[in-house]
Amino acid sequence: MAGMADLTVSLSFLLGIVVFSEVARRTVLYLFPNRNWIIYALELISTFQLCACTHELKLLAEIGGLEPRIALTLTFLISVVHGLSFRGAICNPTGALEQLYLGTLMRRCALTRISCQLIAAEAARRVMPHAWALALSDLHAQHSLTGFSCTNSPVNAPLPQAAAVELGCAFVMHTAAFNAEKVEEKYRVPAMAAVITILVYAGGHLTGAVFNPALAFSIQFVCPGNSFAEYSFVYWIGPILGMTGSLLLSDKVIPAISGKSTIPKHSNRLETKKMK
């Protein structure tokens, strides 16, 4: 069970990651204003922030034995922080694919963003063990005994059921994002953070409720117990199908019934991403 000292160190780590990422974003925007490639730099930095923070929160929950109510509170709070700081970065391959379908991203831009997301996910996976190696808390020192890797599979259900969980979470998340513009602007980020928190509560015990292929690649694929193909089926295919189902519902089924599309075109909706 994580003690107050461990929790304080982890919160300091989270704050440090967010501050470092924000300084990096502001520096890039200041030094290279109006450059077309800035969006890719922001994608790299923000996805790194998302993945690095999630690594620390996962450590708190799984090894530190953090109480569920505290873990969910942190999930909500850090999701709000991400939503307010990402500066247009998508940080989720399904979000990039969705915008490609809607025509708000060109194919080259979407593929480049996805590449940036995966590179940042891998970077976070490699950087965090070096931070933990400082052993600033007993929790980090304990984690060093496992070589800074997880010891069990995050999939706690049959593969079809696990994939269905990720599919369902992605479906709900994208559908909620489609309707986010109906919410008053100042409440949008907290509303999406609340959706994320509810999904983590509902599906976290089965798959971790990641519903983000890049994030899953960073925090789940290194775990033993399942093959790369099996993790891909759960954490990549599941969310992509969930996003596709949400698009079909909002852009095909509902318009066919009502004659009006529920998808707000030319918007950047999925800026708030999953955190655990």
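Contact, as the word is used throughout this tour, means heavy atoms within 4.5 Å. The model is predicted: local features need pLDDT of at least 70, side-chain atom pairs count only at pLDDT 80 or more, and totals for chains, interfaces and linings use all residues. Residues are numbered from 1 along each chain as its sequence is written, and side-chain values use heavy atoms, with hydrogens and water left out.

**First stop: α1 and α2**

Select residues 4-31, which form α1, and residues 38-62, which form α2. Helices here are DSSP runs of H or I with at least four residues, strands are runs of E with at least two, and both are numbered from the N terminus. Two packed helices are described by the angle between their axes and the distance between the axes. For α1 and α2, the angle is about 180° and the axes are 10 Å apart. The axes are lines fitted to C-alpha atoms, for helices over the stretch in contact, and angles run from 0 to 180 degrees between N-to-C directions. The angle therefore makes α1 roughly antiparallel to α2, a term for angles over 145 degrees.

Now display the side chains between the two helices. On the α1 side, the residues that meet α2 include L7, F13, R25 and L29. On the α2 side, the residues that meet α1 include I38, Q49, E56 and L60. The residues of this contact divide into 18 nonpolar, 4 polar and 2 charged. In this count Ala, Val, Leu, Ile, Met, Phe, Trp, Tyr, Cys and Pro are nonpolar, Asp, Glu, Lys and Arg are charged, and the others, Gly among them, are polar.

**Second stop: the nonpolar cores**

Select L60 and Y235, the residues with the most contacts inside the largest nonpolar core, which has 41 residues. A nonpolar core is a set of buried Ala, Val, Leu, Ile, Met, Phe, Trp, Tyr and Cys residues joined through side-chain atoms within 4.5 Å. Buried means under 20% relative accessible area, exposed means over 50%, and partly exposed lies in between, with a 1.4 Å probe and protein chains only. Among the helices that each supply at least two residues of this core are α3 (68-85), α5 (107-132) and α10 (228-258). The largest share, 8 residues, comes from α2. A second, separate core of 14 residues includes V165, C169, A180 and A209.

Select E166 in helix α7, residues 159-178. At 0% relative accessibility, E166 counts as buried. Beyond residues up to four places away in sequence, E166 touches T207, A209, V210, F211, V234, Y235, G238 and P239.

H143 counts as buried, at 6% relative accessibility. Leaving aside neighbours within four places in sequence, H143 is in contact with L59, I63, W132, F148 and S149.

Select R125 in helix α5. R125 is buried, with a relative accessible area of 18%. Its contacts, not counting residues up to four places away in sequence, are H55, F217, S218, F221 and V222.

Then select L100 in helix α4, residues 93-102. L100 counts as partly exposed, at 29% relative accessibility. L100 touches L105, M106, R107 and A110, not counting residues up to four places away in sequence.

Most residues other than glycine have a negative phi. Select R87, in the loop between α3 and α4; R87 is not a glycine, yet has a positive phi of about 55°. R87 counts as partly exposed, at 39% relative accessibility. C91 is found in the loop between α3 and α4, and its phi is near 65°, a positive value. C91 is buried, with a relative accessible area of 0%.

**Last stop: the annotated spans**

Select residues 192-211 and 231-250, which an unreviewed UniProt entry annotates as "transmembrane region". UniProt positions are given in the numbering used here, feature names are shortened, and annotations may be inferred rather than shown by experiment. Residues 192-211 are 80% helix and 0% strand, with end C-alpha atoms 14 Å apart. Residues 231-250 are 100% helix and 0% strand, and their end C-alpha atoms lie 28 Å apart.

Definitions and conventions. Angles under 35 degrees count as roughly parallel, over 145 as roughly antiparallel, 65 to 115 as roughly perpendicular and the rest as oblique.
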